[in-house]
Amino acid sequence: MPRITAIHEGTIPISSSMSNAYITFKDMDCSIVAVESDVIRDGRPVVGYGFNSNGRYSVGEILRRRIIPRLLQAPAESLLTHDGTNIDPVRAWEAMTQNEKPGGHGERPVAVGVIDMALHDLAAKLDGLPLHRWLAREHALGAPDDDVFVYAAGGYYAPGKGTRELQDEIRRFLDLGYRVVKIKIGADEGGLAGDLRRVEAVLDVLDGAGDRLAVDANGRFDLNTALRYGQALEPYGLFWYEEPGDPLDFALHATLAENYPGALATGENIFSLPDARNLLRYAGMRPDRDTLQIDPVLSYGLVEYRRVLHLLTRHGWSPRTCIPHGGHQFSLHIAAAFHLGGNESYPGEFQPTGGFADTATVTEGRVTLTDTPGIGFEEKAGLYRVLRGLHG
Ligand code: MG
């Protein structure tokens, strides 16, 4: 019967000079954790690792004061599968979230998500399986996908970055094997006209293929601006128009969806099952063309994300309409196991946490997974070094 013997927690910078329409990333950091078990393999304890995706700050206070103590104080057997052979992330989730009121999710789902990632890494390692295969077996999902669609998210605003630099960046993405790319909109000094110049500059590199370009407003627009951009973007037939307004302004989104016939994407700032339910109920999202970007790590972990997937399918949505935010290895396994539509990717950004195994290559916009047990952090040298540092 495996037991959790210690949970180590730390904070690392993932700062960068870039910005989107809402924030700069100059102070961005990230919580990392190591969940240590009493199972010894090759002379060392088996350890699961987690981190809090990107775009939300570290959550050490909540981890140290509430989430980690609850796990460590829970009776060891209450965290196990019913046959007692492994850690059960669902039962651990119940322990982590006890004595928390509903609603007002704030940073709490991020803290739970960090540990949930580590527990999934640990459970899959204890069974000696890569996470996507472990998930497929545990949840009877059939064979996992062999590879996963990824798109290159970039096109950020940065000091001294003009149209030519933007085009060079997009060319680098294509050289890396991506087919679909994403750029930021909503913060060009030239307003809508300036952003359209950015869009057209990128389309030049993409041979005019609008369906290979997504744009992301990061929740910046009010209703009128969202509609105005929508009208201007419509002729390009873009891959999607992302997070036009405040992520919780469902009426704005529904009005835009009535007026913008192209694909919309949102959800990276939807952090719970009730928020996801409201999104489906009130935001006018269309299952035949729109994409849901909920990031499992930011929203109470995979345990909650599975509830969201269940909800989606009952509302007539296919898991293929889900392409999680975050560009990390955890969501890549989830995408392969649950047959999602793909995963985000930020080539070279948000290091050391962002991206996939060092050996992973993108071919025709798809990436394959490795067979390392667990999530495979051990195959991402820069990240593994940092994670190992948590527990000596
Ligand atoms: Mg986004």
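This short talk goes from the overall build of the protein to one pair of helices.

What you see is a predicted model, in which local features need pLDDT of at least 70 and side-chain atom pairs count only at pLDDT 80 or more, while totals for chains, interfaces and linings use all residues. Residues are numbered from 1 along each chain as its sequence is written, and side-chain values use heavy atoms, with hydrogens and water left out.

The protein has 12 helices and 12 strands, where helices (H or I, at least four residues) and strands (E, at least two) are DSSP runs numbered from the N terminus. Its radius of gyration, taken over C-alpha atoms, is 20 Å, close to the 21 Å that the globule rule (2.2 Å times the number of residues to the power 0.38) gives for 392 residues, so the protein is as compact as a globular protein of that length. Along the principal axes, the C-alpha atoms fill a box of roughly 60 × 40 × 40 Å. Buried residues, meaning those under 20% relative accessible area with a 1.4 Å probe and protein chains only, make up 59% of the 392 residues.

Let me turn to the helix pair. The axes of H3 (residues 108-126) and H10 (residues 301-314), which are lines fitted to C-alpha atoms over the stretch in contact, with angles from 0 to 180 degrees between N-to-C directions, come within 6 Å and cross at roughly 95°. That makes H3 roughly perpendicular to H10, a term that covers 65 to 115 degrees. Contact, meaning heavy atoms within 4.5 Å, is made by Gly-113, Asp-116 and His-120 of H3 and by Gly-301, Leu-302 and Val-303 of H10.

Methods
Angles under 35 degrees count as roughly parallel, over 145 as roughly antiparallel, 65 to 115 as roughly perpendicular and the rest as oblique. Buried means under 20% relative accessible area, exposed over 50%, partly exposed in between (1.4 Å probe, protein chains only).
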